Amino acid sequence: MPERPAETAFPIHDLLRRRWSPRAFSTKAIEREKIGSLLEAARWAASSRNEQPWRFVLLERAQSEAFERMVGCLAEGNQSWARKAGLLVLVCAYPKFTPDGNANRHALHDCGFAVGCITLQALALDLWVHQMAGFSGEKARAAFNVPAEFETVSVLALGYYGDPAELPENRRAQETGPRSRKPLVEIAFDEVWGKPASF
Ligand SMILES: Cc1cc2nc3c(=O)[nH]c(=O)nc-3n(C[C@H](O)[C@H](O)[C@H](O)COP(=O)(O)O)c2cc1C
């Protein structure tokens with residue numbers, strides 16, 4: 001497993017430091033206990049008005065027909081590596097507040113937080129997550145009977161780390177190259193927008 005720790009100016013939790021988005025997945029099945037823990041991590045995420053807008057459709061490799069249907073919904077560039085993951089997860093969101101039917105403009109935000117919780121819980125269990133926007137929401141909706149009132153948000157490839165040598169040539173370098181981020185001063189402001197934070 002290539003170590004690609006975040007380079008930070010200040011210390012952060014080891015799970016955050018170690019997390020990255022791999023593509024070299026092992027085909028090894030994920031224990032059901034562990035899948036249960038991942039879903040509990042999502043279930044206990046915070047959400048606006050505790051709406052819990054997230055829904056997850058789980059496709060285990062062993063469920064080969066449904067799993068392949070999910071692979072077929074992915075963008076071509078994602079298919080080659082994501083099809084090895086032990087689990088694919090279609091993330092969906094309910095875009096309204098249940099009690100009054102008003103628009104919930106934080107539904108996607110809350111789904112993102114739930115996925116973040118899954119991602120860190122996964123890493124604590126030696127499992128890795130690669131989120132994907134590259135998929136057809138319409139295909140996925142049809143393939144998995146997602147109701148019209150829900151939005152399709154993303155797909156997660158999730159599993160044990162595999163062998164990077166098995167990746168397509170063009171993907172291999174991405175598995176080891178440097179990781180980059182904007183500097184803190186560009187994303188955090190002191191007192192007023194645009195005044196760089198004085199770290
Ligand atoms: C919402 C979202 C969608 C993404 N979609 C894709 C994708 O379709 N294909 C892909 O290879 N990577 C995808 N990524 C991975 C990002 O490219 C990756 O997180 C980013 O380059 C930072 O790298 P790191 O996660 O290793 O730190 C996605 C990430 C997120 C959060």
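**Entry 1: helix 2 and its cover**

I looked up what covers the buried residues of helix 2, and found that the cover includes strand 1 (54-60), strand 2, helix 5 (107-124) and strand 4. Here helices (H or I, at least four residues) and strands (E, at least two) are DSSP runs numbered from the N terminus, and buried means under 20% relative accessible area, exposed over 50%, and partly exposed in between, with a 1.4 Å probe and protein chains only. I note that this is a predicted model, in which local features need pLDDT of at least 70 and side-chain atom pairs count only at pLDDT 80 or more, while totals for chains, interfaces and linings use all residues. Residues are numbered from 1 along each chain as its sequence is written, and side-chain values use heavy atoms, with hydrogens and water left out.

The buried residues of helix 2 are K34, I35, L38, A41 and A42. Seen down the helix axis, they fall within an arc of 115 degrees (taken from the directions from the axis to the C-beta atoms), so they line one face of helix 2. On the other side of helix 2, I found R32 and E33 exposed.

**Entry 2: L38**

I then picked L38, which lies in helix 2 and counts as buried because its relative accessibility is 3%. Leaving out residues up to four places away in sequence, L38 touches I118, Q121, A122, L125, L127 and L158, where contact means heavy atoms within 4.5 Å.

**Entry 3: the cores**

Next I looked up the largest nonpolar core, which has 31 residues, and M70, L88, L90, M132, F144 and A157 are those with the most contacts inside it. Such a core is a set of buried Ala, Val, Leu, Ile, Met, Phe, Trp, Tyr and Cys residues joined through side-chain atoms within 4.5 Å. A second, separate core of 22 residues includes L38, L87, A122 and L158.

**Entry 4: salt bridges**

My search of the whole structure gave ten salt bridges, each a side-chain nitrogen of Lys or Arg within 4 Å of a carboxyl oxygen of Asp or Glu. In one of them, D100 pairs with R49, with the closest N and O atoms 3.2 Å apart. D100 lies in the loop between strand 2 and helix 5 and R49 in the loop between helix 2 and strand 1, so this pair ties together parts that are 51 residues apart in sequence. I also noted that D100 is partly exposed at 38% relative accessibility, whereas R49 is exposed at 52%.
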